[in-house]
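Please read these notes with the structure open beside you.

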Amino acid sequence: MNSLVKDAQKAAERVGLVSDKIVINGGKPLRGRIELRGAKNLATKAMVAALLAETPSTLRDVPDISDVGVVTGMLEAYGVSVTHGAESGELVLDPSNVLKAHFAKIDALAGSSRIPILFCGPLLHRLGEALIPDLGGCRIGDRPIDFHLDALRAFGAVVDKSYEGIRLTAPNGLTGANIELPYPSVGATEQVLLTAVRAQGVTELKNAAIEPEIMDLIAILQKMGAIITVEPNRVIFIEGVDKLNGYDHRALFDRNEAASWASAALATEGDIFVGGAKQQELMTFLNIFRKVGGAFDIHEDGIRFYHPGGPLKPVVVETDVHPGFMTDWQQPLIVALTKAVGRSVVHETVYENRFGFTDALIEMGANIVVHKEGIESVTRRVPRRPLEQAAVIIGPTPLHGADIEIPDLRGGFSHLIAALTAEGQSTVSNIGIISRGYEHFIDKLDQLGADFVYEG
Ligand code: EPZ
């Protein structure tokens with residue numbers, strides 16, 4: 001079996017292993033350079049897109065993370081060959097022999113990721129049917145897939161829910177549709193793109209997500225032969241084509257990982273050069289980073305994030321769809337906000353349960369209150385929703401070491417930052433979750449001078 005799959009299965013097994021832990025002696029600034037790879041939330045989708053092609057694709061800068069391994073395992077189960085290319089981080093995906101997969105194989109891999117739902121359109125085009133097991137992914141809310149299923153039905157798919165998961169067929173093929181998303185969902189936008197590119201006729205998608213990862217996926221689909229037009233007001237037109245060919249693409253850098261290490265530099269009063277980070281896709285984060293009191297220098301090959309000295313300042317931040325402040329950026333930033341002098345507010349508007357990680361910070365001495373209702377704020381890009389929450393962080397509060405168990409990917413990384421910031425020793429367990437989205441993070445902590453022992 002492909003080594004990526006084996007790594008994924010090992011990492012996936014470890015995701016649940018509380019014994020997979022790291023003992024950190026906090027209080028040391030992180031200093032040094034780390035290199036980013038391609039974005040987890042693009043590379044995994046680009047791999048699924050390769051299923052749509054008649055010829056092999058090459059994806060570059062693919063991160064060595066367990067989410068990539070899960071998608072590799074699923075593609076292999078459907079007969080796609082996934083091999084390492086000559087370059088580090090290069091994957092070659094050959095979909096020439098796509099065939100029906102054995103469900104047990106799929107089910108074994110799908111539990112820890114949300115990506116399987118994106119196989120629907122490509123499998124319906126290739127095989128006329130798709131069987132999708134229950135999804136995994138971070139427990140940060142309900143994470144329903146109603147937008148996905150409604151879109152697939154609009155294309156003409158028949159959706160049957162069974163105890164195994166969801167079975168889809170397309171008795172009359174897939175035809176272009178007019179779809180308006182109730183919310184600019186990243187996954188649902190990807191679902192429509194991956195289905196519409198080979199549907200008969202034109203698809204109009206309204207209220208689409210336009211995150212940089214979406215635009216990079218559109219660039220990949222265009223390379224394959226798709227005809228996609230992005231209008232200014234979140235409207236995307238896709239003209240279905242009969243045939244798509246493989247692509248050669250270097251994945252966009254991982255914005256979430258860049259923001260995570262930047263927050264770590266701020267919280268530990270350190271100085272981290274994040275190789276591969278680009279200003280354009282991080283503008284909103286950089287504004288907040290500067291308002292809190294962080295400093296950054298933009299270079300050709302990356303961004304230097306550092307604590308310039310002096311007190312950190314409180315901010316009011318509202319997460320939003322792009323180009324707003326991404327929901328994935330708030331967890332690591334909140335650790336730095338525990339050191340800000342005053343009252344910060346982080347208003348989470350994307351997920352209904354994304355502050356669970358603050359329990360551990362409170363145990364370490366942080367003064368954080370999570371309000372179940374949102375807080376009135378400036379004008380919104382999308383209508384306010386009843387599920388919003390707000391965390392109020394009062395600082396500065398010194399953090400002391402504690403025993404922490406990681407709940408989810410981004411919250412987990414913020415626990416690492418908190419342990420690195422805290423005075424004294426912390427034991428952080430269940431850290432296998434972090435390998436879902438952060439390549440070789442243990443090596444990177446070592447490169448940055450962290451004082452820890454890894455008990456894998
Ligand atoms: C993607 O999740 C990312 N994951 C998330 O990153 C990211 O936080 C999110 O987009 C928002 O940017 C991947 O790309 C694998 P959504 P996705 O559909 O596509 C609701 C990380 O840490 N919704 O934009 O699942 C949903 O519940 C992860 O890397 C429905 O109600 O996010 C949420 O409230 C965490 N019905 C909102 O929309 C649906 O059918 C946004 O979700 C789909 C979504």
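1. In which loop is the place of Asp61? This is a predicted model, in which local features need pLDDT of at least 70, side-chain atom pairs count only at pLDDT 80 or more, and totals for chains, interfaces and linings use all residues. Residues are numbered from 1 along each chain as its sequence is written, and side-chain values use heavy atoms, with hydrogens and water left out. Asp61 sits in the loop between strand E3 (57-60) and helix H3 (66-77); helices (H or I, at least four residues) and strands (E, at least two) are DSSP runs, numbered from the N terminus. The phi of Asp61 is positive, near 65 degrees, and the residue is not a glycine.

2. Asn207, also not a glycine, has a positive phi of about 60 degrees. The loop that holds Asn207 runs between strand E10 (202-206) and helix H8 (212-224).

3. The peptide bond from His322 to Pro323 is cis, with omega near 10 degrees. Pro323 lies in the loop between strand E17 (316-318) and helix H11 (330-337). Gly395 and Pro396 are likewise joined by a cis peptide bond, with omega about 0 degrees. Most residues other than glycine have a negative phi, and most peptide bonds are trans.

4. The average pLDDT (the predictor's confidence in each residue, from 0 to 100) is 91, and 92% of the residues score at least 70. Over residues 11-18 pLDDT stays under 50. Where pLDDT is low, the predicted coordinates should not be read in detail.

Technical notes. Contact means heavy atoms within 4.5 Å.
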